[in-house]
Every structure is written in C-alpha cells, then in structure tokens.
Amino acid sequence: MVKADRRIVRTRNNLKRAMLELVKKKEFKDISITEIAEVAKCNRVTFYSHYDTSSQLLEDVFRDYLDQLTTNFKQSFAGKKTFSLSDPSRTISLFTFIHDNPFIFSLMLMGEVIPGSQNIFCETIANISREELDLKEEIWFDTEALNLYETYALLGLFIYWIKTDFQSTPEEMAERLAYIYSRTLGEIKVKEKEER
C-alpha cells in the first residue's frame, strides 16, 4: 500500500513537472495529453488514471503553490496574539513567495489560462482569514463582506505587480499594502476634463 501511494505521488509529481516544462515553452491550449505523458515518461492511460483533463493537472500545480503560499502567510502571524494590518513586515513573506515564483503566479493570477484560477487564489487567502484570524473589535456589518473585499483588493495589487513586471521589491509592495490598510481614501476629487 505504501509503495502504491509513493508511486501515485511520484507519477503525479512527474506529470506536474511535465506540465510546467511544457507551459513555459508553448501556449497552454496547444499542449496535448500525449505531450504531457511523453515528457512525464508515462502513457495516456496513466495520465487519465490521475487527471481527467490538462486543466485539472494545471489546477493541481496551482494548488501546490497555494499550499506553500498558505504556509508562508500563516508563518507571518504564528505565535502572535494580535498584529496590525499597517505593519508591512507581516506580508513580506507573501510578496516574496510570489516574487520568487513569478511565472506560476502570472499564469494563475491573470486568470487567462484556467478560468476561475483567480477565485481559487482568493478563496485560499480568504479561508486563512476565516479560519485563523478575527477582528480585534466588532464591526457593524458582516465580516465575510470585509474578508472578501480585502482578499480581492489584494488580488488587484498582485495583478498590478505582475503587469509592472515585478519592478517593485516585495518589501516595497508590502509597504504599499500597509499604507492602503492604514488609510482611508477620504474625499474623492473629480478630474477636470481637458478641452480639445
């Protein structure tokens, strides 16, 4: 039984490595199951005994990285009773992990390869808040609304970072997030339109 489990893990890891190797060379939509199996040194039957589609395989790759991201994020508040959202040090590990894996997070967070991958990312972050964190003070509306707002706003910040080709350091991005958390935008000014 243990040997069978190890064989399953080894085969899945080989398939994941094959997928990553191929998706770095060509468009995801152009990758066939046969190619994945060949690079993984197995056959199509073996592929289909583990995954129904290539999308399912890539989602599994994403989940591996999200599991590691979750671990990093949880370590940022491990052993603490409270922390401030305006403290940039707590999110540096989150930004660093994404910075160290730009290819995979660009695929995942731009949402163009696997429909719904942005939601998978956001749900992963939101679940940490749901299960591990709570507001120190009560608020007058549902905390789930706040949780989702903050999570999808974080996604927007990551997309901005990807679109700017990761020009800012993880520390700079953590500072920006801390600044956003520490301030309200206040009154909004309507831009004057230039006359042409």
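The accessible surface of this protein comes to about 13000 Å², and 50% of that area belongs to carbon and sulfur atoms. Such areas are computed by the Shrake-Rupley method with a 1.4 Å probe, and for residues only the protein chains shown count as cover. Please note that this is a predicted model, in which local features need pLDDT of at least 70 and side-chain atom pairs count only at pLDDT 80 or more, while totals for chains, interfaces and linings use all residues. Residues are numbered from 1 along each chain as its sequence is written, and side-chain values use heavy atoms, with hydrogens and water left out.

Of the 196 residues, 34% count as buried. Buried stands for under 20% relative accessible area, exposed for over 50%, and partly exposed for what lies in between, again with a 1.4 Å probe and protein chains only.

Let me turn to the overall fold. The protein has 9 helices and 0 strands, where helices are DSSP runs of H or I with at least four residues, strands are runs of E with at least two, and numbering starts from the N terminus. The C-alpha atoms fill a box of roughly 60 × 55 × 30 Å along the principal axes. Among contacts with a separation of 6 or more, 63% are accounted for by residues 24 or more positions apart; a contact means heavy atoms within 4.5 Å.

As to charge, the mean positions of the 27 positive and the 31 negative charges are 7 Å apart. Lys and Arg count as positive and Asp and Glu as negative, with His and the chain ends not counted. Each charge is placed at NZ of Lys, CZ of Arg, CG of Asp or CD of Glu.

I come now to one helix pair. Helix 8, residues 143–163, packs against helix 9, residues 170–182, at an angle of about 145°, with the axes 12 Å apart. The axes are lines fitted to C-alpha atoms, for helices over the stretch in contact, and the angles run from 0 to 180 degrees between N-to-C directions. On the side of helix 8, the contact involves Glu150, Leu154, Leu157, Tyr160 and Trp161; helix 9 contributes Pro170, Met173, Arg176, Leu177, Ile180 and Tyr181.

In the loop between these two helices lies aspartate 165. Its phi is near 60°, a positive value in a residue other than glycine, and at 60% relative accessibility this aspartate is exposed. Lysine 41 also has a positive phi, of about 60°, although it is not a glycine. That lysine lies in the loop between helix 2 (33–39) and helix 3 (44–50), and is exposed, with a relative accessible area of 77%.

Which residues does arginine 12 touch, not counting those up to four places away in sequence? They are His50 and Tyr51. Arginine 12 sits in helix 1, residues 2–23, and is partly exposed at 31% relative accessibility.

Serine 55 belongs to helix 4, residues 54–75, and is partly exposed at 27%. Leaving aside residues up to four places away in sequence, serine 55 touches Phe28 and Ile114.

Finally, lysine 24 lies in the loop between helix 1 and helix 2 and is exposed, at 59% relative accessibility. Its C-alpha atom and that of isoleucine 104, 80 residues apart along the chain, are separated by 9.5 Å.
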